[in-house]
Amino acid sequence: MKDEKETLKYSEPAEYAILIQDGNRIKYNGTRFDAIERLHTDFATIDVAIIPAAEVPENWAEMSVKDGALVPASEEVIAARKETAKEAHNADMDRLRQVAYVEEADPLFFQWQRKEATEEEYRDKVQEIRKRYPKI
């Protein structure tokens with residue numbers, strides 16, 4: 001029989017939020033109901049903040065994880081997040097524009113080549129698509 005020193009003692013299970021630092025952004029990885037010690041063991045290899053679910057601040061996405069705690073994000077991290085968001089937005093707009101060009105502008109281009117539409121109609125359609133899916 002094990003003596004008491006060898007028996008692992010865990011705190012009472014509770015609901016904890018898991019927030020993971022992933023490069024320059026922070027991800028909410030849901031909640032887990034367990035003892036805090038087990039959760040720290042489960043997530044020992046990554047930069048993570050494990051906090052009571054009821055204590056997750058509303059602005060958690062604007063923060064960073066450092067040494068297992070949520071801390072305000074640095075100016076560098078905030079700037080990198082903005083740049084990443086801009087790049088993602090522009091990539092989305094490129095994809096949407098490409099679909100619209102194929103479906104809407106390309107037919108007008110070929111009609112213009114066959115003298116069935118005007119160059120102005122084609123160019124207006126291209127501008128309409130660019131306005132519909134603006135880049136930043």
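Is Trp60 buried, partly exposed or exposed? Hello everyone, let's start there. Trp60 is partly exposed, with a relative accessible area of 22%; buried means under 20%, exposed over 50%, and partly exposed lies in between, using a 1.4 Å probe and protein chains only.

A word on the source: this is a predicted model, where local features need pLDDT of at least 70 and side-chain atom pairs count only at pLDDT 80 or more, while totals for chains, interfaces and linings use all residues. Residues are numbered from 1 along each chain as its sequence is written, and side-chain values use heavy atoms, leaving out hydrogens and water.

Now the rings. Phe, Tyr and Trp rings (the six-membered one for Trp) pair if their centres lie within 6.5 Å; planes under 30 degrees apart are stacked, over 60 edge-to-face, and the rest tilted. That gives 5 aromatic pairs. In one of them, the centres of Tyr28 and Trp60 are 5.6 Å apart with planes at 45 degrees, so this pair is tilted. Tyr28 sits in strand E2 (residues 25-34) and Trp60 in the loop between strands E3 (48-52) and E4 (63-66), so the pair ties together parts 32 residues apart in sequence. Strands (E, at least two residues) and helices (H or I, at least four) are DSSP runs, numbered from the N terminus.

Phe109 and Trp112 have ring centres 5.5 Å apart and planes at 80 degrees, so they are edge-to-face. Both belong to helix H2 (residues 75-113), 3 residues apart, about one turn of the helix. Together with Phe110 and Tyr122, they form one aromatic cluster.
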